[in-house]
Amino acid sequence: MVASQHELASKIGVEVMKRGGNAVDAAIAVGIALAVVYPEAGNIGGGGFMVIRFKDGRTRAIDYREMAPAAAHRDIFVDRDGNVIRGEGGSTIGYRASGVPGTIAGFEMALAKFGSGKLKWRDLIEPSIPLANDGYVLSHRLASLAEAYKEHLSKYPDSNRIFLNNGKFFKEGDLFKQPELGATLKRIADKGPREFYEGETAKMIAADMKANNGLITLEDLKNYKAKERAPIRGTYRGHEIISMPPPSSGGIVMLQVLNMLEAWDIAAMGHNSAAKYHVLTEASRRAFADRAEYMADPDFADVPTVGLISKEYAAGRRKGIDLKKASTSQQIKFGEVAVSEGQDTTHYTVVDPEGNVVSNTYTINDLYGSRVTIKGTGVLMNDEMDDFAARPGMPNLFGLVQGERNKVEGGKRPLSSMTPTIVLRKDGSVWFAVGARGGPRIISAVMQTVINVIDHGMNIQQAIDSPRIHQQWLPDQVLHEPYGLSPDTIDILRGYGHKLADRPGNIASATGIMIGADGVRYGAIDSRSDGAAVGF
Ligand code: DON
């Protein structure tokens, strides 16, 4: 089964498995397809993380996060007066917002190391080429989404032509074609993954960057490397949790919160109760404070992963939580962890017939990324540079305040919140896999899905759909969802001293697959979003 945010992509993954491919082969094909049919987030101009659990119990993680171009440095997004340069020409919009894309290199590594060996690179790219060349029928959602992003998409000629129909826009039912992207995919299919980094596509990226004051050079593209990392592992009430380590904060923050919550009987508190949301908020506040201080690219900064996810550390952090009174984020600082241990957006899930599982989240950061489509390639670029601390202490696009460790440096990967996760039953078999999109809210969505299944006994669809909350230390507020909290619950939480967001809004969107004890696969797409789980 494949659960992704577009039915056409899920179907392509299923076809790959029908031809004998494994979950990794299928995940690569789905990722390429989403770049065509889910262009606001699916990508070859961005990066992400793939967590794999093989039938025999081996687990692996591939880090294909974008890298800052070599010319980037700590103050690249700070003006003379010390203000952060965001928006056009800064960390979120335009050519300078992009890190060097990692998606193609990540898929190259995944195929070489973990593919079935039965299908070739070309076999995984080719199914998406007709979708780009001949087009697909636009949904209402995608047609209106592009228009909603017209302010900046319209400023970049290729983005304006491709996504906005030169200002005439598209409507539901139109056939949406991306011939330049089709041609790029064909080059990559014919010449192999290095084409993107060293061939004609690379040259087109470097030339367009140069012409527009961007930083990415041919050298940067050539030097990009995907990395294999040891997945982060922990437990919640005896169930093993496998997730993404740094440069994502997702796995650590989730495990920290789950470790703190383990001491309480969350099931007895009840799913949507004030008691549960109080402790969840307090635990999240503490874990996100640690995120801001300690987490970054582990190749550039010491990240005390083992200390942060230890049960002992959680026990100490938990002690400060008063069960009837909220703390403030101003009071809560990062905890004391021994540093220097000397160790080292869109989500989709694939389960193959053998039971191998891939949990993959990749992104171009904001919807439509930097809004720049590289001239002649159809490749929409990321604005992942904004995930660095543009100026330590100042909030980014998601309001995250981050520290020195996550400052901009050439060749470094920005800290992420993506949380592709796999959860095992107590007997060691795979129970479910889940991930989400939504910046730091990803972590809240994934961990509450885990809590909903393990503590509240929900199935995967209920666990993903149920209301959730989000607290990320700063700003000091609790986000909540429409129809999520009753007025009574809000009153109790306010009574404890929590600051609730003025207006409710959706918190992230998740997809996942659960495997029943009898082996049946149950796919789930968040009702906050769209997509399809396709099985065979
Ligand atoms: O890596 C991260 O944490 C972010 N760049 C993810 C962005 C995201 O989920 C976009 N969602 N709406």
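Start with Lys 186, which is partly exposed at 43% relative accessibility. The model is a predicted one.

**Salt bridges across the chain**

Next, select Glu 262 and Lys 311, whose side chains meet in a salt bridge at 2.9 Å, N to O. This pair links distant parts of the chain: Glu 262 is in the loop between helix H13 (250-261) and helix H14 (266-269), while Lys 311 is in helix H17 (residues 311-319), 49 residues apart. Glu 262 counts as partly exposed at 21% relative accessibility, and Lys 311 counts as partly exposed at 30%.

Now select Asp 63, Lys 227, Arg 229, Asp 299 and Arg 413 together; salt bridges that share partners join them into one network. In the model as a whole, the count comes to 41 salt bridges.

Another of these is formed by Asp 123 and Arg 19, whose side chains meet at 3.8 Å, N to O. Here too distant parts of the chain are linked: Asp 123 lies in helix H4 (residues 121-125), and Arg 19 lies in the loop between helix H1 (7-18) and helix H2 (23-37), 104 residues away. Which of the two is buried and which is partly exposed? Asp 123 is buried, with a relative accessible area of 17%, whereas Arg 19 is partly exposed at 48%.

**The seven-stranded sheet**

Switch to a cartoon view and colour the strands E6-E3-E2-E10-E9-E1-E17, which in this order make up an open sheet of 7 strands with antiparallel pairing. At the edges are strand E6 (227-229) and strand E17 (532-534), each of which pairs on one side only. On average, neighbouring strands of this sheet are turned by 15 degrees against each other, direction ignored.

Within the sheet, pick strand E2 (residues 47-53) and strand E10 (residues 357-363), an antiparallel pair held over 7 bridges.

Move to strand E13 (residues 421-424) and show its side chains. In a regular strand the side chains alternate between the two faces of the sheet. Thr 421 and Val 423 are on one side of E13, Ile 422 and Leu 424 are on the other, and all are buried, so both faces are covered.

Strand E8 (residues 239-243) pairs with E13 in the antiparallel sense over 2 bridges, and Ile 241 has Val 423 as its bridge partner in E13. Strand E14 (residues 430-437) also runs antiparallel to E13, joined by 4 bridges; Thr 421 has Val 434 as its bridge partner in E14. The hairpin of E13 and E14 has 5 residues between the strands, and Gly 428 in this hairpin takes a positive phi near 90 degrees.

**The ligand site**

Select the ligand and its surroundings. How many residues surround the ligand? There are 14, and the closest are Thr 345, Asn 365, Glu 384, Asp 387 and Ser 416.

- Asp 387: an N or O atom of its side chain is 2.6 Å from a nitrogen atom of the ligand.
- Ser 416: a polar side-chain atom lies 2.7 Å from an oxygen atom of the ligand.
- Arg 65: an N or O atom of its side chain is 2.9 Å from an oxygen atom of the ligand.

**Last stop: Gly 523**

Finish at Gly 523 in strand E16 (residues 521-525), a residue that is partly exposed with a relative accessible area of 27%. Leaving aside neighbours within four places in sequence, Gly 523 is in contact with Met 1, Gln 461, Gly 512, Ile 513 and Ala 533. For a reference distance, select Met 381: Gly 523 and Met 381 are 30 Å apart in space, C-alpha to C-alpha, and 142 residues apart in sequence.

Terms used. Residues numbered from 1 in each chain as written. Predicted model: local features only at pLDDT ≥ 70, side-chain atom pairs only at ≥ 80, totals over all residues. Heavy atoms only, no water. Salt bridge = Lys/Arg side-chain N within 4 Å of Asp/Glu carboxyl O. Buried < 20%, exposed > 50% of the residue type's maximum accessible area, 1.4 Å probe, protein only. Pairing = 2+ DSSP bridges. Axes fitted to C-alpha atoms, helices over the stretch in contact; angles between N-to-C directions. Near = heavy atom within 4 Å. Polar contact = N/O pair within 3.5 Å; in protein donor to acceptor, adjacent residues only side chain to side chain. Contact = heavy atoms within 4.5 Å.
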